[in-house]
Amino acid sequence: MTSQNIYILGIESSCDDTAAAVLCNGKILSNVVATQKIHEEYGGVVPELASRAHQQNIVPVIHQAIEKAGITKEDLSGVAFTRGPGLMGSLLVGISFAKSMAMALQIPLIEVNHMQAHLLAHFIEEDGFEKPSFPFLGMTISGGHTQIVKVDDYFDMEVIGETLDDAVGEAFDKCGKMLELPYPAGPLIDKYAKQGNPKAFQFPQPNVKDLDFSFSGLKTSMLYFLQREMEKNPKFIEENLVDICASFQHTIVKIILNKLKKAVKQTGINQIAIGGGVSANSGIREALKITEKQWGWKTYVPKFEYTTDNAAMIAIVGHYKFLKKDFTDASISAKSRYRF
Ligand code: KG4
Ligand code: ZN
């Protein structure tokens, strides 16, 4: 190892993905994710099963990440891990492993906030991807999160809007379940929505103040709507699936874009960086493109593997913390709720 190279191992285990990645000076060397399939048959993440699967996956995933990076564990400069937010039993697997590894190798241990990592994923060195400059508005939309964050610097961030109940991805998945689609339903709803009429059915937009979100009302209105229609026609879902998906997605896109417009107006910041699994949604991407032109925004979307839960984003935060020698004591514990 040449002394100027910084090799960071990132470990992510906050939910249902066991992930490890190695970065060298902020550039990706490996990015391994073991997605737990076990939850599919339950229609959502089962915490107990997630912890057990992390236990099984963590050694091979980390081994693979180091091997793929073409280094040995002795080359590592530091170990970064997700401290929270997330499922306690899942977090504990990653944190315990990270502590032991840092101790054994006698290298710094670095704790990472998962939500900060989603935003700093935009700073992974990647050819063809421009990094946002500060300040920017970060929007993290996934199965577990819905947040708008004002990002003034790498570690100077403020949540200015968030969901009061379900996350947007949860709304996709739960409504998908009502439509008898397999978990996670988001990508399928997106696929069907492309073939349907977004104006076929009307769903109410929640009336939530400021920059906060709520998706539980939309879920309830979908339930009542389907019950009503199925009473009249038991084949309603199969005969109208694409139109239901298109109308539902159209409503979500409107909710998200309206809040973003409000955030831009309120902060005067028109650089938007999005992340999280739902940022793959074609309706949201299209609407962002249109709004970018109409409103003079600049939007940033990272490479797909850095938008869903991954360890490269944990490692990049680790890299920046390493630079400022912001290390963590081994007595630290996981935080299932962790605000920054
Ligand atoms: O970031 P992610 O992989 O994991 C966390 O939840 O943290 O996000 C997964 C979520 C699921 O709710 C999934 O249904 C949703 O992202 N999703 C989508 C699409 N692709 C994934 N939702 C809408 N449209 C998509 N194309
Ligand atoms: Zn996440």
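Guide: F225 is buried, with 7% relative accessible area (buried is under 20%, exposed over 50%, partly exposed in between, with a 1.4 Å probe and protein chains only). This is a predicted model, in which local features need pLDDT of at least 70, side-chain atom pairs count only at pLDDT 80 or more, and totals for chains, interfaces and linings use all residues. Residues are numbered from 1 along each chain as its sequence is written, and side-chain values use heavy atoms, without hydrogens and water.

Visitor: How many aromatic pairs are there in the whole structure?

Guide: The search finds 15. Rings of Phe, Tyr and Trp (its six-membered ring) pair if their centres lie within 6.5 Å; planes under 30 degrees apart are stacked, over 60 edge-to-face, and the rest tilted.

Visitor: And which ring does F225 pair with?

Guide: Its partner is F203, in an edge-to-face arrangement with 5.3 Å between centres and 85° between the planes. F203 lies in the loop between α5 (186-193) and α6 (216-232), whereas F225 is in helix α6, 22 residues apart. Helices here are DSSP runs of H or I, at least four residues, numbered from the N terminus.

Visitor: Is F203 buried or exposed?

Guide: F203 is buried, at 7% relative accessible area.

Visitor: Turning to tryptophans, how are the rings of W295 and W297 arranged?

Guide: Their centres are 5.9 Å apart and their planes at 70°, so the pair is edge-to-face. W295 is partly exposed at 35%, while W297 is buried at 5%.

Visitor: Which residues do ring pairs link into a cluster?

Guide: The cluster consists of F123, F134, F136, Y154 and Y320.

Definitions and conventions:
Chains lettered and ligands numbered in written order. Helix = DSSP H or I, 4+ residues; strand = E, 2+ residues; numbered from the N terminus.
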